[in-house]
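Here's a quick look at the salt bridges in this one. Have the sequence and the 3D view open as you read.

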Amino acid sequence: MYQSNTGTSLQALAFIIGLFCVCIFGAQATGQEIKSPLSPEDKGNLTEVLRIPAKTQIEIKTVSLRPSRSYTIYVGTRFDFEVEDPIKAWIERWNEKQARKFGKLILTDDLQEADIVLVQYLDFMTEISETIYHPIIATHSGIAVPHREDNKYSPMHAYLLVPQAEGFAMLWHHQRLARYEIMAREKKDSGRKLTNTLARLLKKQQL
């Protein structure tokens with residue numbers, strides 16, 4: 001009887017520890033919308049992706065798009081086609097189904113022509129390593145077996161910018177820690193947040 005209770009206790013403790021680890025790190029890795037000014041490092045990365053002078057002003061501003069039958073879109077992805085291709089495919093779907101009501105989206109390779117700028121990139125120069133120790137795992141025999149899990153992450157950023165006379169208004173910025181083992185899915189999720197945000201913005205500008 002005593003051994004049976006011990007095995008049950010081990011199972012309960014293992015579950016609690018595992019849940020605690022998932023909750024703590026999951027909250028960090030899910031991502032967050034940033035509503036504060038850009039750090040010098042983030043601004044440096046963003047200006048590098050857009051290939052603009054480092055002194056260019058990029059500020060959080062509440063601005064509205066002018067209602068229009070078309071908007072010119074610039075997409076900056078650091079030539080990451082796993083990011084760029086899904087965004088361009090979304091723009092094609094938008095033009096097939098939503099352009100007549102909310103405006104056509106026209107892609108451009110010239111940043112100077114853009115009405116809206118979409119940016120998504122992985123900060124691959126920053127690598128975060130994480131080791132999670134699961135000290136107790138309940139097996140069928142009730143024996144505790146140590147377990148170690150190694151993960152690697154890099155910050156992924158997504159921005160929605162609107163050009164202004166003095167630089168850019170940053171309407172939205174989302175940051176998440178993207179896990180290397182599931183990087184394709186991380187990029188897809190981040191891109192979906194970006195295009196969903198653009199869709200909401202465009203639907204506010206009904207003609």
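Buried means under 20% relative accessible area, exposed means over 50%, and partly exposed is anything in between (1.4 Å probe, protein chains only). This is a predicted model, where local features need pLDDT of at least 70, side-chain atom pairs count only at pLDDT 80 or more, and totals for chains, interfaces and linings use all residues. Residues are numbered from 1 along each chain as its sequence is written, and side-chain values use heavy atoms, with hydrogens and water left out.

How many salt bridges turn up in the whole structure? The search finds 10, counting a side-chain nitrogen of Lys or Arg within 4 Å of a carboxyl oxygen of Asp or Glu. Here are some of them:

| Pair | Closest N and O atoms |
|---|---|
| E59 and K61 | 4.0 Å |
| K61 and E166 | 2.2 Å |
| E82 and K187 | 2.9 Å |

E59, K61 and E166 are linked in a network. K61 is partly exposed at 26% relative accessible area, as are E59 at 38% and E166 at 36%.

The E82 and K187 bridge has its closest N and O atoms 2.9 Å apart. E82 sits in helix α3 (residues 81-97) and K187 in helix α5 (residues 183-203), so this pair ties together parts that are 105 residues apart in sequence. Those helices are DSSP runs of H or I, at least four residues long, numbered from the N terminus (strands are runs of E, at least two). Is K187 buried or exposed? K187 counts as buried, at 9% relative accessibility, while E82 is partly exposed at 49%.
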